[in-house]
Amino acid sequence: MSVRGILKDITSLKGLGAFKDQNKVRLYYLSQNNQLQINISQSSDGLNFPESKDKLILYDSRGRNVRLNNLETIRISRHNGEYVMVYRVKKGLVSSLFTARSKESVNFRTIGRVPQISDTAQIVSDFKHHDNFVMFAGGRDIRILTSKDLVKWKMQRKAVLLSASGNGHYEIGAIEKIANGISVLFFQKFISGDGKSYYSIHAAIFDQNNPEKLIFKTEDSLWEQPGEWSHLEINIQPFGLITQGSRLISYWDLNGREILSIVHDQVKRVYTEEKSLSPILLKKIRENPILKPIADHFWESKATFNPAAIYDEGKVHIVYRAIGDHDMSMLGYASSKDGINIDERLDEPIYVPTEPFEFQNADTGKPIPLSPYASGGGGYGGVEDPRITRIGKKFYMTYVAYDGSNPPRVALTSIKVSDFRNKKWNWKKPVLISAPNVVNKNAVIFPEKINGKYVIMHRVFPNILIDFVDHLDFDGSQFLRGDFMIRPRISSWDSRKVGVGAPPIKTDKGWLIIYHAVGDDDPGRYKMGAMLLDLSDPTRIIARSAKPILEPEEYYENEGFKYGVAYPCGAVTLDNTLMVYYGGADMVTCVATAELSTLLNNLLDHSEGELHKLNIPL
Ligand code: BMA
């Protein structure tokens, strides 16, 4: 997800809270014009705040103005047409919580102090349990307090939701009475080893007849902060959350100077359905592996893996990386009408190393050099991990060219579709398209121009890079630059490195990207995920799998040249079925499938949300 829509700097602006009252969304924030004041901006869609702002006046219990520079958060609720606020002030290191009351939602008078609790809390609107008002408070755990008069509060001994991890922290976002209980939406803050905060949003429902009883909690987060944010040199923290139809809107404060919103589409549906999302998984076919090495073929005796796949004239053409007696990679060909059962497999390779940048003379009698760049057993280099895209009358093929000792680079060749169909392997002389001395792999070309440019994704560890280029006639002197980036996500399954697998597939929901990733929690295992990118701006991530869609668990993904590898290089759609072609254990070729529409809907349910600039008059 790219970060934009950030407001320009403005003098001191600090978000305090958001509150949905009937159909209006109110944002509360501190701003400093001549003096510090609490502003209220009101909107009907939660995104545009065109109406003039009001000033909220907060009095202490003796009728004096509360010192606003200590004010941290505000949470408002409604009872019988009146408004009750819980506000938090911080003096030095100590935070305290107070309740205040207002008839008209503008002038609030402090009525009580909440003992023991020092984190943001909110009272459930228009709700009483055994004649008690109920307040949910965040902190290390989520706790409940009750009160007969909103003035004196009693904390229940047991936490109602225990912290998931030692260094997590809950912050109450929005509490709503819903048909079957009390819905509590909250932020979870996690502080990583480097001191940075990572936020995610979760939902829980408590029993209305016993608010201490948790009846449902989302298993996965409804949303989590994209890994990209951790690289931003800004302090970004949430201060409010509201529900709006089927979506959530969260409000964020940037460096205490800017405010923005994030729309989280569809997540409300997920939690109102009271079920956690079961991630859609690619289904590995029974027939796997569909291609195995052939001992009698010197060029493919050891491995046949990491296949490109393209659908043309009623069959799936599979172009796979082969390693044979010479420990050098070249490409073989097979085809299948149903995408699973192989109807034809050629005895000879269809593409072999020809250029110095993809070839090391293996006949010197020297032992295989132990280069750090050797992959999948291809010690003498060669042509690795092909990807094929059709554009017009040509198939373009990107692959990793490795000379056996220098950092592998991306090479490009092409062939006329008619030659390919007739098995006339008239490939264009390949050319390197990535810069020298930088390991670059996993290049894919989009099947059509976007805004007049060809789009190429590639990978320089640990990121996916995206380039927009005017033409594909590279001449070996200009190289991909890496204009945009999709990063691994810290604290996610894809935290260590990511690389695109199959060339992007155009769908009505966006560009579908099947990618591979390795996570810090499980280093050394290559798993698969999916992303949806905006059709007209593929640098914008619409959705990204919260969990892997395929993991290397079968014998053919573990017992081969390398343990724990599922490495996609191609995908096709046959009607509504997505078929992903991947290498298992750096040795064999496998297929996994999913219903395309289900996969897309599932991805959208995991939507990361869009950043919006808030239009607040200042
Ligand atoms: C990558 C590539 C692939 C290989 C994978 C797993 O870096 O080199 O060819 O399949 O590692 O070993």
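Q: Which residues are around the ligand?
A: In this predicted model, the residues around the ligand are N306, R321, S375, D385, K441, Y526, K562, V565, Y567 and D586. Each of these residues is counted as near because one of its heavy atoms lies within 4 Å of the ligand.

Q: What makes up the shell around the ligand, by class?
A: The shell has five charged, three nonpolar and two polar residues.

Q: Why is strand β40 called largely enclosed by the rest of the structure?
A: Seven of the eight residues of β40 (residues 577-584) are buried, so the strand is described as largely enclosed by the rest of the structure. Here, buried means under 20% relative accessible area.

Q: How do you know that β40 pairs with β39 and with β41?
A: Two strands pair if at least two bridges are found between them. Strand β39 (residues 566-574) and β40 are linked by eight bridges in the antiparallel sense, with A571 opposite V580 in β40. Eight bridges also join β40 to strand β41 (residues 588-595), again antiparallel, and there G583 has T589 in β41 as its bridge partner. Both pairs therefore meet the requirement of at least two bridges.

Q: Which residues take a positive phi in the hairpins of β40?
A: The hairpin of β39 and β40 has two residues between the strands, and D575 takes a positive phi near 55° there. In the hairpin of β40 and β41, with three residues between the strands, A585 takes a positive phi near 55°.

Q: Why are C569 and C590 called buried?
A: C569 has a relative accessible area of 0%, and C590 is likewise at 0%. The limit is under 20%, so both cysteines count as buried.

Q: How many disulfides are counted?
A: The count comes to zero. A pair of cysteine sulfur atoms would have to lie within 2.5 Å to be counted.

Q: What makes helix α3 largely enclosed?
A: Seven of the 10 residues of α3 (residues 596-605) are buried, so the helix is largely enclosed by the rest of the structure. The buried residues are L596, L599, L600, N602, L603, L604 and D605.

Q: Why are β9 and β12 called edge strands?
A: Four strands form an open sheet with antiparallel pairing, in the order β9-β10-β11-β12. Strands β9 (121-123) and β12 (154-155) each pair on one side only, and they are the edge strands. Within the sheet, β10 (residues 133-137) and β11 (residues 143-147) pair over five bridges, and A137 has R143 in β11 as its bridge partner.

Q: Why does Q156 count as buried?
A: Q156 has 16% relative accessibility, under the 20% limit, so this residue counts as buried. Q156 lies in the loop between β12 and β13 (168-178), and a polar contact of 3.2 Å joins its side chain to that of T146.

Technical notes
Residues are numbered from 1 along each chain as its sequence is written. This is a predicted model: local features need pLDDT of at least 70, side-chain atom pairs count only at pLDDT 80 or more; totals for chains, interfaces and linings use all residues. Side-chain values use heavy atoms; hydrogens and water are left out. Buried means under 20% relative accessible area, exposed over 50%, partly exposed in between (1.4 Å probe, protein chains only). Ala, Val, Leu, Ile, Met, Phe, Trp, Tyr, Cys and Pro count as nonpolar, Asp, Glu, Lys and Arg as charged, and the others, Gly among them, as polar. A polar contact is a pair of N or O atoms within 3.5 Å; within protein, one must be able to donate a hydrogen and the other to accept it, and residues adjacent in sequence count only if both atoms are side-chain atoms.
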